Amino acid sequence: MSGGLPAPLRAVSDGADMLVSADKAIAALQLRCGGDLPGMIAVPALLEVVRKARRYGLKLARTIQAQDGASAITAWVEVEPLPGDDAGCEILLRNWHAAPLAAEDPAEADERRGEIDRHVAELTARLDAGQRVLTVEAEAPDLVALAAAMEAGFGRPWTDFITIAGNSHSQPLHWRLLDGADVEVPGSPRRWRASLFPQAGPGREPAGFELCLVSPELPALPPEPDAGKSAARHRLLGRDVAPVLRQPIARIIANAETIHSRLAGPISDDYANYAADIASAGQHLLALIEDLTDLEVVEADDFSTAPDRIDLADVARQAAGILGVRAREKRIALDAPRPGESLPAVAEFRRVLQVLINLVTNAIRYSPEDSQVWIRLEDSIDAGPGRVRVVVCDQGPGLSEADQGRVFEKFERLGRSGDGGSGLGLYISRRLARAMGGDLSVESASGQGARFILDLPAASQD
């Protein structure tokens, strides 16, 4: 006799995959997974089976896994559609088994927290071994003043520009004491936390640091434009709106990656894969916002650059350094100008770096593994009188003559899909190059790689 077997757990869903009734154990799991009763089925693996059974009108059975934050649960589920066009399903769970979740390695948890901080940081800065500011980037409206002060004070300790909660010392403390410290930013009403990531040096002491400022609070929405600013109102995003959009999307990405990386505790592969899809979609949306914001900027009637004397070799080395990890992930060697090489030009440093990052990113994206990407400099002898250039070369599939004429067009992706691009990067880069008195062109042939050439005005030799 089978009387010794435990009775199956029962639940019922409706035509919208809402759990409308359930035995106590299923109801408790639904609530612990963040759902309601009645409410949308909150266990991803169960929801997938229910949707397929209802869609195809078939009885389905399989093993599912779920996690409620404390236990890993496995069960055999049988889902049978109920009669009726808009009816739901009857759900039976058998062989329910719950096991405690294993503890996570603290070192791995710290590493994942660091990655999340990098994603949601609203200010990032590069520091030397003495915690002195080398570069800084910030876009949030309430961090503009801090970023400007840091830029004007390059070479000073970053702690000169903020207030560390509960600290009366003026000199930088040891970086381990500052990592995770609560800080106050002049002009910002929000709470902030500092994260310091040491950069490996030849010895045990760090050769430098990456500083990230993270806030648990979103920035205030910008005021509505008045009637006299109709042009700004017609922009798709606007320079003030885009930073506000970035923060909630960045938090969606961070939360999804927290789930995917199992930072909040071990979870099943189903949960982790769903979260990875959310994070990937969020990254794509965030990149699209960045491209659309840049598009509005370069197409504005009042757009201009701030030319200055720069060293193209130094900009190229920085671009290669920023993208070094991405290149190594594809086993692509980045060959940048050597230390000591120099090529003066007249352009805006930030915009040239933006163009080179776009060109090198494309070269890495479309080059095969175990290949090479070169960044080469050409002076006025090769580029022409009064001109200098930097050339990004790859060993990718190359471009046909017809594609070379289209590649700089707006939203042009040459038939590619699924690569995460928006088709705006090269269009924006050419607009930037021309705004600086230069140009961006390409030389290529199908199957022979591509050479993207950034021409700029040469700086006078002092």
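Me: Which residues in α11 do Leu-312, Asp-314, Val-315, Ala-316, Gln-318, Ala-319 and Ile-322 in α9 meet?
Reply: This is a predicted model, in which local features need pLDDT of at least 70 and side-chain atom pairs count only at pLDDT 80 or more, while totals for chains, interfaces and linings use all residues. Residues are numbered from 1 along each chain as its sequence is written, and side-chain values use heavy atoms, with hydrogens and water left out. Taking contact as heavy atoms within 4.5 Å, the α9 residues named meet Phe-349, Val-352, Leu-353, Leu-356 and Ile-357 in α11.

Me: How are α9 and α11 oriented to each other?
Reply: Helices here are DSSP runs of H or I with at least four residues, numbered from the N terminus, and axes are lines fitted to C-alpha atoms over the stretch in contact, with angles from 0 to 180 degrees between N-to-C directions. Helix α9 (residues 312-322) and helix α11 (residues 349-366) pack at an angle of about 50°, their axes being 9 Å apart. Angles under 35 degrees count as roughly parallel, over 145 as roughly antiparallel, 65 to 115 as roughly perpendicular and the rest as oblique, and α9 and α11 are therefore oblique.

Me: Which residues of helix α4 are buried?
Reply: Buried means under 20% relative accessible area and exposed over 50%, with partly exposed in between (1.4 Å probe, protein chains only). In α4 (residues 144-152), the buried residues are Leu-146, Ala-147 and Met-150.

Key. Helix = DSSP H or I, 4+ residues; strand = E, 2+ residues; numbered from the N terminus.
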